[in-house]
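Please look over the sequence and the model shown here before reading the report.

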Amino acid sequence: MDQEAEEIARCLLQKMADTNEFIQRAAGQSLRAMVENVTLARSLVVLTSAGVYHRNPLIRKYAAEHLSAVLEQIGAEKLLSGTRDSTDMLVHNLVRLAQDSNQDTRFYGRKMVNILMANTKFDAFLKQSLPSYDLQKVMAAIKQQGIEDNDELPSAKGRKVL
């Protein structure tokens, strides 16, 4: 399925932005199944290319959500041990997600940056790959807010449970 993954991910992410909740759920389940049935490296590339730079904030949110799950499976050590260019692009995309206009996308972006921050190589790599202004802004936001509520999205915090 690796060969068709990019086209499938693009279509499924587009369907996840649909207003019909049934279609959103079905597209989400299908995207999850696709991510589980392709290699982790391929799903990382596909989700990054199809969703991180999309104009629709919902698509960026869903791409960040699935990208976060893939990142957790791969682990920080393996991600930071890749080639310089691929790691630089990954860190740049994660910082972009951590600064996104959508609150949920920022949550997933910060969560992924926190996963990478656990590794000792990350500080040195981050200083080399990002402009200092972006670096200071993102690190200050992550350290100030952190991810206290790992189980709950920011948009779900204010909802009442019946």
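The report below covers the model basis, a central helix and a pocket.## Basis of the model

This is a predicted model, in which local features need pLDDT of at least 70, side-chain atom pairs count only at pLDDT 80 or more, and totals for chains, interfaces and linings use all residues. Residues are numbered from 1 along each chain as its sequence is written, and side-chain values use heavy atoms, with hydrogens and water left out.

## Helix 4

Helix 4 covers residues 57–74; helices are DSSP runs of H or I with at least four residues, numbered from the N terminus. Its 18 residues reach 25 Å from first C-alpha to last, close to the 26 Å expected at 1.5 Å a residue (1.5 Å times one less than the number of residues).

The buried residues of helix 4 include I59, Y62, H66, V70 and I74 (buried: under 20% relative accessible area, 1.4 Å probe, protein chains only). Buried residues of this helix pack against helices 1, 2, 3, 5, 6 and 7 (contact: heavy atoms within 4.5 Å). At the start of helix 4, a side-chain oxygen of N56 comes to within 2.9 Å of the backbone nitrogen of L58. Just after the helix, G75 has a positive phi of about 95°.

## Largest pocket

The volume of the largest pocket is about 380 Å³, taken as the space filled by probe spheres set on grid points joined across faces, edges and corners. A pocket is an open set of points on a 1 Å grid over the protein atoms alone, where a 1.4 Å probe fits, with protein on both sides within 12 Å along at least five of seven lines; lining residues have an atom within 4 Å of a point.

Of the 15 lining residues, A41, L44, V45, L79 and S86 are the closest to the pocket centre. Helix 3 gives the most to the lining, with 6 residues, while helix 5 (76–80) and helix 6 (84–98) each supply at least two.

Key: Buried means under 20% relative accessible area, exposed over 50%, partly exposed in between (1.4 Å probe, protein chains only). A polar contact is a pair of N or O atoms within 3.5 Å; within protein, one must be able to donate a hydrogen and the other to accept it, and residues adjacent in sequence count only if both atoms are side-chain atoms.
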